[in-house]
Amino acid sequence: QFLQKRVVVKNRENRLVNLRDMPKKPKTVYALFREDIKEEVPSGKGEGKGMNFVKNKFSEIDADAKLKYKQKEAELREQYDEEMKSYKEGETWKEFTKTSGKIKREMLTEAMKVMTLKFLNDAPKEPPKTAFAIFVGEKRQAVGEEGAPKKKSRQAAKDEVAEYKAEWAKLDKETQNVYDEKRKEKTKQWEAEVKTYMELPKWKEYMEEAKTLKVPVRSLLHRKKK
């Protein structure tokens with residue numbers, strides 16, 4: 001995934017730039033022991049060499065020796081926690097978190113755009129939400145504006161809507177209800193088409209990719225029933 005790789009690169013750059021001076025995590029009991037005996041460790045791999053030698057040696061130390069390492073680990077952990085507390089109050093940490101948030105937002109925005117183009121452009125188009133919108137659609141179709149209306153100036157569009165509202169207001173309740181029934185029928189048909197669409201392999205692939213990219217799944221059936 002191109003987007004995922006880009007985020008990995010940007011996050012790595014962010015860490016390199018802003019976390020260079022971040023306190024190092026304290027060593028564990030095992031790491032402290034390994035450091036103490038590093039001069040004794042035979043080079044190479046296999047039985048009695050390298051990490052196998054360290055592992056065997058560590059298993060042989062008594063409880064008192066382990067306790068000393070645990071105490072040392074606790075001291076280092078306490079020191080590390082104090083250093084991190086101070087570090088997170090500094091400007092470099094603030095810049096790191098700010099940049100991390102920006103990277104996440106950019107990735108989310110780009111991912112949503114890409115996934116919409118890849119998976120959702122073929123989804124059934126949502127019908128008008130109101131009876132008035134159905135009325136306007138039919139009026140426009142009657143004057144030859146099928147599909148999306150032609151681009152108008154803001155004032156012309158405003159005047160057109162005002163004209164349609166005035167016509168709508170003159171309709172009796174029964175006629176307005178006819179348009180509302182049309183709205184309900186279109187909505188019912190759209191919901192059935194969406195449910196069919198969501199059974200397709202393409203939708204399942206969309207769900208998997210959204211999970212991988214950690215982006216919210218767009219709800220196609222989000223409307224409240226009227």
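1. Trp93 is buried, with a relative accessible area of 19%; buried denotes under 20% relative accessible area, exposed over 50%, and partly exposed the range in between, computed with a 1.4 Å probe on protein chains only. Phe96 is buried as well, at 15%. Both residues lie in helix α5, 3 residues apart, about one turn of the helix. Helices here are DSSP runs of H or I with at least four residues, strands are runs of E with at least two, and both are numbered from the N terminus.

2. The model is a predicted one, in which local features need pLDDT of at least 70 and side-chain atom pairs count only at pLDDT 80 or more, while totals for chains, interfaces and linings use all residues. Residues are numbered from 1 along each chain as its sequence is written, and side-chain values use heavy atoms, with hydrogens and water left out.

3. A pair of aromatic rings is described by the distance of the centres and the angle of the planes. The search of the whole structure finds 14 aromatic pairs. Rings of Phe, Tyr and Trp (for Trp, the six-membered ring) pair if their centres lie within 6.5 Å; planes under 30 degrees apart count as stacked, over 60 as edge-to-face, and the rest as tilted. Trp93 and Phe96 form a tilted pair, with 5.3 Å centre to centre and 40° between the planes.

4. The rings of Phe135 and Tyr179 have centres 5.4 Å apart and planes at 85°, so this pair is edge-to-face. It links distant parts of the chain, with Phe135 in helix α6 (residues 131–142) and Tyr179 in helix α8, 44 residues apart. Phe135 is buried at a relative accessible area of 4%, and Tyr179 is buried at 14%. Ring pairs join Phe135 and Tyr179 with Phe132, Tyr164 and Trp168 into a cluster.

5. Asn18 belongs to helix α1 (residues 2–18) and is buried, with a relative accessible area of 11%. Its side chain is joined to that of Asn14 by a polar contact of 2.7 Å. A polar contact is a pair of N or O atoms within 3.5 Å; within protein, one must be able to donate a hydrogen and the other to accept it, and residues adjacent in sequence count only if both atoms are side-chain atoms. Leaving aside residues up to four places away in sequence, Asn18 touches Tyr87, Thr92, Glu95, Phe96 and Thr99, where contact means heavy atoms within 4.5 Å.

6. Which residues of helix α3 are buried? In this helix (residues 50–60), they are Gly50, Phe53, Val54 and Phe58. They cover an arc of only 130° around the axis, which puts them on the same side of α3; the arc is that of the directions from the helix axis to the C-beta atoms. On the other side of α3, Lys55, Ser59 and Glu60 are exposed. The buried residues pack against α2 (29–36) and α4 (63–87).

7. Phe58 also has a charged neighbour: Lys66 lies over the face of its ring, at 5.1 Å from the ring centre. A charge sits over a ring if NZ of Lys or CZ of Arg is within 6 Å of the ring centre and within 35 degrees of the ring normal.

8. The largest nonpolar core has 18 residues, of which Ala111, Met115, Trp203, Tyr206, Leu213, Val215 and Leu220 touch the most other members. The elements that give two or more residues to this core are α1, α5 (91–120), α8 (173–197) and α9 (201–213), and α5 gives the most, with 6 residues. Apart from this core lies another, of 9 residues, among them Val29, Val54, Phe58 and Ile61. A nonpolar core is a set of buried Ala, Val, Leu, Ile, Met, Phe, Trp, Tyr and Cys residues joined through side-chain atoms within 4.5 Å.

9. Asp122 is placed in the loop between α5 and α6 and counts as exposed, at 53% relative accessibility. Asp122 touches Tyr197 and Lys202, not counting residues up to four places away in sequence. A polar contact of 2.6 Å joins the side chains of Asp122 and Lys202. These two residues are 80 residues apart along the chain, and their C-alpha atoms are separated by 9.9 Å.

10. Lys214 lies in the segment after α9 and counts as exposed, at 74% relative accessibility.
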